[in-house]
Amino acid sequence: QVQLMESGGGSVQPGGSLRLSCAASEYIYSTHCIGWFRQSPGKEREGVAARDSDGGNPWYARSVKGRFTISQDKSKNTVYLDMNNLTPEDTGIYYCAAEKCRGSKRFVVEGPTSGYWGQGTQVTVSL
């Protein structure tokens with residue numbers, strides 16, 4: 001059973017930045033799409049960003065495009081989400097997820113139908 005562990009959440013003022021990390025317990029990057037989802041208060045879960053199994057073809061939700069960047073360090077079995085110019089609308093619990101890859105866009109838009117989830121990390125953007 002693959003385990004995903006997020007870290008890096010916290011509180012930041014609007015306009016600030018955070019880096020989230022997702023460490024996998026085993027190497028899955030050659031077969032799995034890996035991405036980030038968030039759950040904001042009163043809203044449905046939203047796909048944020050993902051990468052294909054070859055590490056390429058990143059896909060971003062329109063709400064974060066240009067501000068967030070997903071990357072990975074295969075040597076550390078870790079995927080990162082760099083978040084810049086944060087706004088209060090970015091507040092929520094951020095989850096890392098992985099699934100046998102069907103394409104990064106589909107992963108973000110439809111969400112995983114199986115696979116693995118992390119426990120989540122809280123991001124709060126406020127004055």
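Predicted model: local features only at pLDDT ≥ 70, side-chain atom pairs only at ≥ 80, totals over all residues.

I found four strands in the order β1-β3-β8-β7, with antiparallel pairing. I then looked at the edges. These are β1 (4–7) and β7 (68–73). Each has a single partner strand, so one side of each is left without a neighbour in the sheet. I also looked up the twist, which averages 20° from one strand to the next.

Next I took the pair β3 and β8. Strand β3 covers residues 18–24 and strand β8 covers residues 78–83. I noted six bridges between them, in the antiparallel sense. Within this pair I picked out Cys22, which stands opposite Val79 in β8.

I turned to β4 (residues 32–39). Is it enclosed or open? I used under 20% relative accessible area as the cut-off for buried. Seven of the eight residues of β4 are buried, so the strand is largely enclosed by the rest of the structure.

Then I checked what β4 pairs with. Strand β9 (residues 92–100) runs antiparallel to β4, and eight bridges join the two. Here I found Trp36 opposite Cys96 in β9. Strand β5 (residues 46–51) is also antiparallel to β4, joined to it by five bridges. For Phe37, I read Gly47 in β5 as the bridge partner.

Last, I looked at the hairpin of β4 and β5. Six residues lie between the strands. Which residue takes a positive phi there? I found Gly42, with phi near 75°.

Key
Residues numbered from 1 in each chain as written. Heavy atoms only, no water. Pairing = 2+ DSSP bridges. Axes fitted to C-alpha atoms, helices over the stretch in contact; angles between N-to-C directions. Buried < 20%, exposed > 50% of the residue type's maximum accessible area, 1.4 Å probe, protein only.
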